[in-house]
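Please keep the sequence and the model in view while reading.

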Amino acid sequence: MDEPEQARAYAEADFDEPNEQFVEQAIEWLGDLPDTAAVLDLGCGPGDITLRLARALPSARVHGLDGSPAMLAIARNRLASETDGRVAFIQGLVPGAELPLQSYDAIVSNSLLHHLHRPACFWEMIADTGAPGAPVVVMDLFRPADAETARELVATYAADEPEVLRKDFHASLLAAFEPAEVLDQLAACRLEGFAVDAVSDRHMLIRGHLPR
Ligand SMILES: C[S@@+](CC[C@H](N)C(=O)[O-])C[C@H]1O[C@@H](n2cnc3c(N)ncnc32)[C@H](O)[C@@H]1O
């Protein structure tokens with residue numbers, strides 16, 4: 001999603017409802033955070049979820065990390081109009097990004113996992129950057145049973161979107177992991193206490209607390 005055209009199409013798509021739902025589920029899972037908690041949003045894209053989180057957690061610092069300059073340009077533009085200094089967008093890759101803080105009180109991520117060829121690096125980064133006991137909420141697509149189901153999902157949920165987004169959605173569905181594969185990834189990173197739940201016909205929600 002490095003191309004400006006992709007970033008613009010993604011930012012202009014109407015993700016209002018799913019993003020709000022994700023933020024509501026995240027807030028519920030994050031529970032009582034310290035007053036000046038630091039929250040990390042991995043793969044923040046154009047920043048809609050990062051900014052919704054910041055509004056829902058009015059005293060928290062919220063940092064969004066993304067590898068795409070085109071996405072971050074849109075995120076920073078949105079930030080300019082409504083921030084009070086608690087939100088920052090950082091360019092960097094999972095794995096390896098340098099973050100402003102050594103440790104975060106909570107970590108969220110929506111739709112990044114399936115982009116990664118080596119998913120272990122995602123869970124390792126979460127384990128390394130989250131404080132002991134930190135709540136973690138991750139949403140991602142899961143891979144449908146077959147290519148025909150993937151085509152049906154694109155037709156059902158993205159029929160009116162631009163071609164570039166329909167192609168991305170189709171590719172993302174095929175690249176996504178199955179819940180059982182995510183459970184294996186978590187176990188390999190010693191995060192076996194995390195739960196993986198299918199929450200729609202295409203999304204899974206992964207929740208847990210880092211070991212203390
Ligand atoms: C489908 S978008 C999701 C954006 C945002 N989380 C949302 O829900 O609107 C995936 C994002 O992950 C970013 N991304 C992909 N691979 C990455 C990596 N290795 N490190 C950091 N960001 C990455 C892309 O640039 C893109 O902005």
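Helices (H or I, at least four residues) and strands (E, at least two) are DSSP runs, numbered from the N terminus. The model is a predicted one, in which local features need pLDDT of at least 70 and side-chain atom pairs count only at pLDDT 80 or more, whereas totals for chains, interfaces and linings use all residues. Residues are numbered from 1 along each chain as its sequence is written, and side-chain values use heavy atoms, with hydrogens and water left out.

**The sheet and strand E5**

An open sheet is formed by 7 strands in the order E3-E2-E1-E4-E5-E7-E6, and its pairing is mixed; two strands are taken to pair if DSSP finds at least two bridges between them. Strand E3 (87-91) and strand E6 (195-198) are the edge strands, each of which pairs on one side only. Neighbouring strands of this sheet are turned against each other by 15 degrees on average, with direction ignored.

Within this order, E4 and E5 pair in the parallel sense over 4 bridges, and Ser-109 has Val-138 of E5 as its bridge partner. Val-138 is buried, with a relative accessible area of 1%, where buried means under 20% relative accessible area, exposed over 50% and partly exposed in between (1.4 Å probe, protein chains only). Leu-141, at 7% relative accessibility, likewise counts as buried.

Contact means heavy atoms within 4.5 Å. Not counting residues up to four places away in sequence, Val-138 touches Phe-22, Ser-109, Phe-122, Trp-123, Ile-126, Met-204, Leu-205 and Ile-206. With its neighbours within four places in sequence left aside, Leu-141 is in contact with His-114, Phe-169, Ser-172, Leu-173, Ala-176, Phe-177, Arg-202, His-203 and Met-204.

Helix H5 (residues 120-129) has Cys-121, Phe-122, Trp-123, Met-125, Ile-126 and Thr-129 as its buried residues. These buried residues pack against strand E1 (38-42), strand E2 (61-66), strand E4 (106-110), strand E5 (135-141), helix H8 (179-188) and strand E7 (203-209).

Gln-185 lies in helix H8 and, at 11% relative accessibility, counts as buried. Residues up to four places away in sequence aside, Gln-185 touches Leu-113, Pro-119, Trp-123 and Phe-177; Trp-123 is also among the buried residues of H5.

**Two helix pairs**

Two packed helices are described by the angle between their axes and the distance between the axes. Axes are here lines fitted to C-alpha atoms, for helices over the stretch in contact, and angles run from 0 to 180 degrees between N-to-C directions. Angles under 35 degrees count as roughly parallel, over 145 as roughly antiparallel, 65 to 115 as roughly perpendicular and the rest as oblique.

| Helix pair | Angle between axes | Axis distance |
|---|---|---|
| H2 (residues 16-30) and H3 (residues 48-56) | roughly 45 degrees | within 10 Å |
| H1 (residues 4-12) and H7 (residues 163-175) | about 90 degrees | 9 Å |

H1 is therefore roughly perpendicular to H7. Their contact is made by Glu-5, Gln-6, Ala-9 and Tyr-10 of H1 together with Val-164, Leu-165 and Asp-168 of H7. By class, this contact of H1 with H7 has 4 nonpolar, 1 polar and 2 charged residues, where Ala, Val, Leu, Ile, Met, Phe, Trp, Tyr, Cys and Pro count as nonpolar, Asp, Glu, Lys and Arg as charged, and the others, Gly among them, as polar.

H2 and H3, by contrast, are oblique to each other. Asp-16, Asn-19, Glu-20, Phe-22, Val-23, Ala-26 and Ile-27 of H2 make the contact with Asp-48, Ile-49, Arg-52, Leu-53 and Ala-56 of H3. The residues of the contact of H2 with H3 divide into 7 nonpolar, 1 polar and 4 charged.

**Backbone features in the loops**

Most residues other than glycine have a negative phi, and most peptide bonds are trans. The peptide bond from Val-94 to Pro-95 is cis, with omega near 5 degrees, and Pro-95 is found in the loop between E3 and E4. Ser-111, in the loop between E4 and H5, has a positive phi near 65 degrees. Arg-190, in the loop between H8 and E6, has a phi near 60 degrees, again a positive value in a residue other than glycine; Arg-190 is exposed, with a relative accessible area of 66%.
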